Amino acid sequence: MWNFIHDRRSEIAFNTYQHALLVFYAVVIATILAVVIAVVITRIRGLDVAANQVSAIALTIPSFALVGLLLPVVHLGPTIGLVAVAFYAVWPILRNAVVGLQGVDPILLESARGMGMSEATVLWRVRLPLAWPVILAGIRISTQMSMGIAAIASYALGPGLGTYIFTGLSKGGVAANGLNYTVVAIVGIVVVALIADGLLVLLGRLTVSKGIR
Amino acid sequence: MSDTTRPVEATQTQAEPPGASGPGEVSGAEIVLTDVVKRYAGQDAAAVGGLTLTIPAGEIVMFVGPSGCGKTTSLKMINRLIEPTSGTIEIAGKDIRTQSENQLRRQIGYVIQGGSLFPHMTVEKNIAIVPKLLGWDRSRIHDRVTELLDLVGLDPERYRNRHPRELSGGQQQRVGVARGLAADPPVVLMDEPFGAVDPITRQRLQDELLSIQRELHKTIVCVTHDIDEAIKLGDRIVILREGAEVAQYDTPEVVLSAPADDFVADFVGAGSSLKALSLARVEDIELRHPTTAKVGDAVAKVTEQARANGDTAVVVLDDRGRPVGWPWLRQLRGDRIVRPEGELIDVDIRSTLNDALDSMLSSSHGAAVVTGERDQYLGVVDFDAVTTHIRLLEEQRGE
């Protein structure tokens with residue numbers, strides 16, 4: 001096992017890095033999309049219920065199948081991974097963003113308007129900062145989820161720890177390092193996930209106002 | 001019912017605000033509502049059915065009435081949080097629709113129940129909202145926040161960087177008032193501003209508002225459901241019935257002594273001679289001046305002086321002349337006078353005798369320390385002075 005890792009350390013490091021990068025980009029894109037959609041949804045009555053249903057259904061699509069669906073549409077390898085992971089990452093963030101934005105006390109919003117804040121200022125200085133802790137919780141869920149989905153996505157397209165899982169599966173059993181590949185992939189993904197979660201907690205400490213922590 | 005509404009009379013008496021004898025010039029602006037109507041779709045009766053009212057510059061006008069009478073709706077039409085269906089509203093002679101909503105609102109202070117501070121912003125940032133929207137520079141905002149915290153009785157350096165949840169309800173409400181005054185607006189709208197605090201704190205906040213108003217002379221329109229609050233704070237009271245119909249618009253004295261009709265009489269309620277205690281202010285009666293001492297004075301000297309004056313307690317002032325305690329002589333220990341523990345319950349010189357009595361009852365001295373502008377010490381009011389005053393009133397009534 002040790003020799004296995006030692007022999008491939010630069011390759012493992014590269015794949016781990018790729019895996020982390022894929023999740024990072026996907027979650028950033030998903031966050032921006034989810035927040036923008038949530039802002040629109042919370043302005044139109046009734047749309048939040050529809051959004052919740054859509055997100056519940058979307059999350060039931062098997063990720064393997066989605067990659068298959070995307071293959072003919074998006075031709076470039078790494079882009080498919082990004083699109084697939086971001087697709088799943090959107091929903092938990094969207095759900096939390098809607099809940100967070102709707103949870104802002106209407107009295108505060110009226111008071112903000114009563115002081116002459118424009119709608120954009122109210123959004124930027126009152127609604128988003130107050131909803132941010134809830135949105136951030138959604139981002140954490142999405143990040144964890146994306147770690148696993150990114151592994152599956154990498155079946156189709158190269159770098160990432162997912163390739164090790166599939167290599168392990170195809171080699172089967174203990175023979176020819178099959179188990180080693182699988183274990184390295186799992187441990188790698190768990191370690192990346194823990195580090196990412198730690199960084200998000202840190203981000204929360206830095207960005208959530210002391211007044212609402 | 002036209003004989004019970006008196007907008008005409010009100011417009012004629014706007015010249016001299018009762019509070020104008022104090023320092024400071026009137027910085028408020030006159031507000032004129034003309035036949036203002038608000039109808040909501042699907043409702044037969046108008047929420048506000050033709051309100052005509054002149055609110056004189058520099059006065060506190062209280063909108064009071066039962067819930068659902070349209071008082072809050074009327075208030076919110078002044079800063080266009082609610083758009084009237086018809087009618088005009090003018091501030092300082094200018095129709096409020098001639099500028100954008102946001103422009104208008106930045107010139108009108110808005111204070112609502114509990115202060116409604118933004119929990120994610122510090123006290124300083126909360127107060128700085130409107131100045132920032134108006135594009136003031138950093139140092140001007142900083143100075144203004146200092147000035148305002150001082151005005152509402154909060155130590156600027158201690159409180160400016162705190163978050164709302166680190167403040168008591170009363171402190172939050174004070175910051176709310178400071179925020180409403182931040183950009184020095186001529187008009188301040190208040191919606192049940194002291195509804196969320198306990199009675200003692202409410203009384204103090206009311207006193208502080210009166211004290212601030214003595215300095216600033218804003219035009220303040222304040223909604224309340226509490227007739228006692230209306231009597232205490234208002235230079236004038238508008239009593240509204242359903243549909244924001246004016247039942248009576250007059251000074252508290254007239255509303256109490258000559259209610260326009262049964263509705264007003266019912267609303268003002270029984271015990272009007274007790275309520276009259278809400279009309280007489282501490283400033284109307286003579287204050288007693290017991291021995292005072294400053295924090296840091298020699299105890300021996302103070303004790304000697306107090307004995308010479310025949311006092312058994314001394315009022316302790318801080319270095320800015322604000323009373324901080326009222327210890328008995330036997331409680332004075334050590335060489336120097338120290339700042340006593342616990343909060344001193346004092347009353348503002350403009351407080352009503354009603355409130356002063358409340359404070360006296362909760363004090364072991366059977367009297368209350370009286371303060372003026374910015375909490376400056378003025379003297380002491382006791383039961384004897386109040387009962388003497390009541391006797392005088394009764395005699396006048398008998399004549």
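**View 1. V111(B) sits opposite M190(B) of β7(B)**. This is a predicted model, where local features need pLDDT of at least 70, side-chain atom pairs count only at pLDDT 80 or more, and totals for chains, interfaces and linings use all residues. Residues are numbered from 1 along each chain as its sequence is written, chains are lettered from A and ligands numbered from 1 in the order written, and side-chain values use heavy atoms, leaving out hydrogens and water. Five bridges tie β6(B) to β7 (187-191) of chain B, and the two run parallel. Strands are DSSP runs of E, at least two residues, and helices are runs of H or I, at least four, numbered from the N terminus.

**View 2. The open sheet of chain B has six strands**. Their order is β6-β7-β8-β3-β9-β10, with mixed pairing; a pair needs at least two DSSP bridges. At the edges are β6 (108-112) and β10 (245-250) of chain B, each pairing on one side only.

**View 3. D348(B) and R214(B) form a salt bridge**. Their closest N and O atoms are 3.5 Å apart; the rule asks for a Lys or Arg side-chain nitrogen within 4 Å of an Asp or Glu carboxyl oxygen. It finds four such bridges across the interface of domain 1 and domain 2 of chain B.
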